[in-house]
Amino acid sequence: MTTLQTPPTPAAADPRRPAAPAPTARRVRAAAGLAGRYLLLALVFALTVGPFLWQLSTSLKGNGERVFGYPPQLLPAHPTLHHYAEVLDTVPVLRYAGNSLVVALGSVLTNCLLGSMAGYALARMKFRGRGLAAGIFLATMIIPFESIMVSEFLVARSLHLTDTLLGVMLPGAASGLSVMLMRNAFRRLPAEVEEAAILDGAGEWTRFRRIALPSVRGTLAAVAIFSFVFSWDDFLWPLVSLSDQGKYTLTVGIQYLSGTFTNDQRVIAAGTMMAVVPLLALFFALQRFFFRGVGEGAVKG
Amino acid sequence: MTGRRWYVPWLFLLPALAVAVCFFIVPFANTAVLSFTDASTLGGGTFTGTHNYARLLHDDQFWQSVRNTLLYIAVVVPCLVVLPLLLAVLVQKRIAGIGFFRAVFYSPVVASMVVAGLIWSWLLSDDGLVNSVLRGLHLVAGPVPFLTDAHLLLFSAMAMTVWKGLGYYMVVYLAALANVPRSLLEAAEVDGAGAVRRFRHVTLPLVRPTMVLVATLAAIGSAKVFAEVYTLSDGSAGPGGEARTLVYTIREVGLGLGGEAGYASAMSIVLFLGTLGLSVAVTRLNSREERA
C-alpha cells in the first residue's frame, strides 16, 4: 500500500494548473478517448479473430481459387462446402469427434459427481485424516502431468487401459481443481441449512444430495465446463496413450490430418473449423460460466 | 456434528481419492523410483544409483531442451504478465459492445492447442499469409522460415502461446481490477493525476498479487510447453529436433522406440523440481520486493 503514503505529486500541487478543463474541451477529449479505445479494441479484435477468419476463408475457397500469393484474396469468390465433405471422406472425423465427446462427457460426469462428493466431505465433515486427503488432492494440482506421463503410460498399460477411451478419461476423472472448487463452494454454505435436516434425521447422503448439492449449482456448472473443455482440448495424454487410429480423439486425429492424410490446405482448414466451431458455439452460449470458472480456478489454482 | 460413523467421510472421498492415488501419486512415486534405475519402457530395470542424473549432465540433447525451455519462460512470462493487464484495463470500462469484445478476446483460449497450431502453421508457412504479405510488400526477398528454422520456430510457438493465453489472463486481471476501490481512483483524479499516473500509483500496487499469480501460472505453463512446438513442426520440433523442449525430449526418450523409462524419469524429476522451484522463486522474489 505504498500508494497511500506517497506525498501529493508536483502536478497536483501546482497552483497554475487549472482545476478542470473547460466543459467543451473535456467533452472533446472524452470523445477522442472513446474513439481511441474503440480503435485499440478493433486492433486486438483483428489479431484475435483474424487467424480464425483466414482459416475459415481458406476452407471455403474452391479448388480453382488462390489460397496463397499477394495480394491475399481475403474472401472466397465462390464459397463451397466441398472441402468439408472431403474431410469426411479423408479421415473419420465424425468418429474422432464421437470419441472426444464420449471422453469429455464422461469426464464431466465423474468430475461433477466425484469432485462434489470429495469436496463435500472435505468441507462439511470433521474427521481424522482430512488434512492428508486434502493434501493428496493439492499434490495432484502441483505435480505437472507432463512430469509423470511416462509412468502414467506404464500404469495405464498394466491396467490394460492404453488404447481405450476409458484410459484417456480416467487420469482426469476427478481433478484436484474440481475437488477444491467444490470444497470451497460447500464451505460457503451456512451451517443452519443442514441443521434442520439433521433434526429431521436425514442421513449424510440425503443431506448431500437434497440440500447441499442443489445450493452449489453455479460452481457445479463451472466444474462441468472446465472438465469438458479441458478434456476436449487435451492433446498430450491421448497422443501418448492411443496408438489405434480408430480410438483417436479429435485433437490427435486432426493433427494427423495435416501432412499424413492430405496436403491440401483447404481440406486441413475445413478440418480445423469442424474441430473448433462446436466448442466456440458452446463458449458463446455459456460465456458467463466460463468466466466464473476462470476467476475461481485461477485464485485457487 | 455427532453420531457419524468414522468411515462415512471416507466413503464420500473414496472414488476421487482412488483416481488421485492411482493416476497421480503412484505414477509420481514410480517416476521417482525409476529415475534411479535403467528400466526400459518395455519393463525390467535394475538399480543404478544416480547414474541417470550423472548422464544428464553430459547430455547435449537434454541441455538443448533445458535451454529452449528456459528461453521460452523468459520470453513468454513477461508478455503474459503485462499484455493481458493492459488488455484488461482496455476492456474494463463498460462501454457499448464491451461484453462482445471480451468474449471474442477470450475465444482463442477455448480452441485446443492443436487447432491453434494448425491455424498458425497455415499463417506462417512458406507460402502462408504472413510470408505472402511480407514478400508482396518487398520487405523480404525469400520466405521467412518461421516454421523450419529452429529459433524462429521457437519464437513462433511463443507468439502462439501468448496469443492463446491473452484472454485467459485478461479475465484473471479483470477480477482483480474490479476489486480496486473506485473511491481511490477518484481521489487520485481529483488530485490531478492523469490516467497513466493513476494506473501506475493506484491500480498497479493493488493488482500486484495478481501479477505474481499470473507470472507463476505462466512460468509453470511455459516450463511444460509441448503442444505448440509439436503442432507447428508436424511433430519434428524443427530440423534435427533443435527446437525441442523438455517435455518434448521426455516423451521422445521415454515413449519413443526403445524407450528408456528410467532415464526419461530422471528428466521428469528435473521438470518437476523446476516447476516447483519456479513457483517458490516467484513468490520469494515478490515478498522481497514488497519488503523493500
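1. Chain B has 12 helices and zero strands; helices (H or I, at least four residues) and strands (E, at least two) are DSSP runs, numbered from the N terminus. Bear in mind that this is a predicted model, where local features need pLDDT of at least 70, side-chain atom pairs count only at pLDDT 80 or more, and totals for chains, interfaces and linings use all residues. Residues are numbered from 1 along each chain as its sequence is written, while chains are lettered from A and ligands numbered from 1 in the order in which they are written.

2. Of its 292 residues, 47% are buried (20 or more other C-beta atoms within 10 Å of a residue's own; exposed means 12 or fewer, partly exposed in between, with C-beta atoms placed from the backbone).

3. Now for H5(B), residues 113-124. Its 12 residues should span 16 Å at 1.5 Å a residue, and the end C-alpha atoms are 16 Å apart, which agrees; the expected span is 1.5 Å times one less than the number of residues. The helix is mostly covered, with 12 of its 12 residues buried, including Trp120(B) and Trp122(B).

4. The largest nonpolar core has 152 residues. Such a core is a set of buried Ala, Val, Leu, Ile, Met, Phe, Trp, Tyr and Cys residues joined through C-beta atoms within 7 Å. Among the members that touch the most others are Ala118(A), Tyr173(B) and Val214(B). Helix H7 (residues 150-178) of chain B gives the most, with 14 residues. Domain 1 (22-79) and domain 2 (86-300) of chain A both contribute, so the core lies between them; these bounds come from an automatic or database domain assignment.

5. What does Val214(B) touch, leaving out residues up to four places away in sequence? Its partners are Leu80(B), Val81(B), Tyr169(B) and Val172(B), where contact means C-beta atoms, placed from the backbone, within 7 Å.

6. Between the chains, the contact takes 85 residues from chain A and 78 residues from chain B. On chain A's side, helix H3 (residues 23-60) gives the most, with 13 residues.

7. Two backbone spots to check: Asp234(B) and Ala237(B) each have a positive phi of about 55 degrees without being glycine. Both sit in the loop between H10 and H11 of chain B. Asp234(B) counts as partly exposed because it has 15 C-beta neighbours inside 10 Å, whereas Ala237(B), with 25, counts as buried.

Conventions
Contact = placed C-beta atoms within 7 Å.
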